[in-house]
Amino acid sequence: MTASGADTSRRGRGRRLVLWRHGQTSWNVERRFQGSTDVELTETGVGQARRSARLLASLKPDAIVASDLKRAASTAAELAVLTGLEVTHDESLRETYAGVWQGLTHEEIIARHGEEYAAWKRGEPVRRGGGELETEVADRAAPVVLRHAEKLPENGTLVVVSHGGTIRTTIGRLLGLESRHWESLGGLSNCSWSVLGEGVRGWRLLEHNAGTLPEPVLGDDD
């Protein structure tokens with residue numbers, strides 16, 4: 001084998017993180033801020049989880065870690081059934097605690113806390129409803145993801161089942177983005193996921209808000 005061939009065999013694709021948002025809840029449909037409130041999946045949400053789990057199972061994940069809130073735990077359970085993997089639940093992967101915002105609809109939040117909402121959208125550090133800062137969510141969630149990633153075998157895959165806000169802040173932290181730019185990462189639809197791959201300079205965002213299996217990048221940008 002040539003030296004270049006040896007390099008190729010050692011390189012591989014690296015570890016991979018699949019950050020998967022939970023399925024639909026009734027509060028999602030009502031556009032009601034859930035935060036750390038423990039809301040269950042709707043029947044539609046269960047169906048979304050089962051469909052997505054069939055796709056993600058084909059990635060042959062090595063481990064599953066999930067928020068302990070029911071909507072995430074139930075979503076993760078669908079993948080566990082198909083893979084035979086045990087789910088590790090961690091409260092540090094819960095959604096952002098948002099104090100008095102929790103339980104309010106989008107319109108009610110704007111009507112009652114409009115200035116606070118506008119400041120948050122501008123990327124300013126805001127304790128929405130008197131709750132957590134986004135950086136505090138990343139402080140608790142990102143280390144959990146990294147700790148489980150470190151346990152993966154070479155080229156292994158970790159599935160993290162969590163919540164839209166928590167996933168966004170975790171991605172921002174792992175990519176090394178300044179917190180004021182995290183809003184530039186669009187939201188995740190119910191039961192959609194983002195994929196981060198291990199590169200020579202750290203984690204790279206390979207897929208975002210995906211509902212289909214990742215495709216290889218064939219081109220000069222790989």
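Visitor: Is Asp 90 buried or exposed?
Guide: Welcome! This is a predicted model, where local features need pLDDT of at least 70, side-chain atom pairs count only at pLDDT 80 or more, and totals for chains, interfaces and linings use all residues. Residues are numbered from 1 along each chain as its sequence is written, and side-chain values use heavy atoms, leaving out hydrogens and water. Buried means under 20% relative accessible area, exposed over 50%, and partly exposed in between (1.4 Å probe, protein chains only). Asp 90 has 14% relative accessibility, so Asp 90 counts as buried.

Visitor: Which side chain does Asp 90 meet in a salt bridge?
Guide: A salt bridge is a side-chain nitrogen of Lys or Arg within 4 Å of a carboxyl oxygen of Asp or Glu. For Asp 90 the N to O distance is 3.6 Å. The partner is partly exposed at 39%, and its name is Arg 147.

Visitor: How many residues apart in sequence are the parts that Glu 107 and Arg 31 tie together?
Guide: Their side chains meet in a salt bridge at 3.8 Å, N to O. Helices (H or I, at least four residues) and strands (E, at least two) are DSSP runs, numbered from the N terminus. Glu 107 lies in helix H5 (residues 106-121), while Arg 31 lies in the loop between helix H2 (26-29) and helix H3 (43-57), so the parts they tie together are apart in sequence by 76 residues.

Visitor: How many salt bridges does a search of the whole structure find?
Guide: One of them joins Arg 180 and Glu 178 at 2.9 Å, N to O. The search of the whole structure gives a total of 15 salt bridges.
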